[in-house]
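Work through the exercises below with the coordinates open. Try each task before reading its solution.

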Amino acid sequence: QLQLAESGGGLVQPGGSLRLSCVFSGFVLDYKMIGWFRQVPGKEREGVSCISADGSRTNYADFVKGRFTISRDMAKNTVYLQIDSLKPEDTDIYYCAAGPGYAGTYCGLEFDEYNSWGQGTQVTVSS
């Protein structure tokens, strides 16, 4: 059974950093693209970053470029999202998701490209 579990969220001051983790099981990372999304209750889930199945391609939403970094550790079955220079508007629930690996070099930031989701981790940026 395919499962994903996020962790690493919390309360941080503006300008601070967090590293979110997405631990997965039930599939081989080589065959899945992984995306990070965020959502405020009542609003649509928006794509933040993703990494392709072969690890060669990463994408970032324009509003996080230069501040967020996605990476993965195959040995730990974990995908990370490093978030730096946090802003109050980054306050959201952050989710990781797995989608089809395609040819291995693609990843997308659209919600409907992913079919397996974690439960989310809350990030709150406030002084």
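The model is predicted, so local features need pLDDT of at least 70, side-chain atom pairs count only at pLDDT 80 or more, and totals for chains, interfaces and linings use all residues. Residues are numbered from 1 along each chain as its sequence is written, and side-chain values use heavy atoms, with hydrogens and water left out.

**Exercise 1. Elements and overall size**

Task: list the secondary structure elements of the chain and compare its radius of gyration with the globule rule.

Solution: 
- Elements are DSSP runs, numbered from the N terminus: helices (H or I) need at least four residues, strands (E) at least two.
- The chain has eleven strands and zero helices. Read from the N terminus, the order is β-β-β-β-β-β-β-β-β-β-β.
- The radius of gyration, taken over C-alpha atoms, is compared with 2.2 Å times the number of residues to the power 0.38.
- That rule gives 14 Å for 127 residues; the chain has 13 Å, which is close, so it is as compact as a globular protein of that length.
- The C-alpha trace spans about 40 × 30 × 25 Å along its principal axes.

**Exercise 2. Cys50 and the pairing pattern**

Task: locate the bond of Cys50, then write the pairing pattern of the chain.

Solution: 
- Cys50 is joined to Cys107, S to S 2.2 Å.
- Cys50 belongs to strand E5 (residues 46-51), while Cys107 is in the loop between E9 and strand E10 (116-117), 57 residues apart.
- The link of Cys50 and Cys107 is right-handed, with 65° about the S-S bond.
- Cys50 is buried at 0%; Cys107 is buried at 2%.
- The count comes to two disulfides. With the bonded cysteines numbered in sequence order, the pairing is 1-3, 2-4.

**Exercise 3. Positive phi**

Task: where do Asn77 and Ser85 lie, and are they buried or partly exposed?

Solution: 
- Most residues other than glycine have a negative phi.
- Asn77 has a positive phi, near 50°. Asn77 lies in the loop between strand E7 (68-73) and strand E8 (78-83), partly exposed at 33%.
- Ser85 also has a positive phi near 50°. Ser85 lies in the loop between E8 and E9, partly exposed at 41%.

**Exercise 4. Burial, contacts and surface**

Task: what share of the residues is buried, and what share of the surface belongs to carbon and sulfur atoms?

Solution: 
- Of the 127 residues, 45% count as buried.
- A contact means heavy atoms within 4.5 Å. Among contacts between residues at least 6 apart in sequence, 62% join residues at least 24 apart.
- The accessible surface (Shrake-Rupley, 1.4 Å probe) is about 6,400 Å², with 47% from carbon and sulfur atoms.

Key. A disulfide is a pair of cysteine sulfur atoms within 2.5 Å. Buried means under 20% relative accessible area, exposed over 50%, partly exposed in between (1.4 Å probe, protein chains only).
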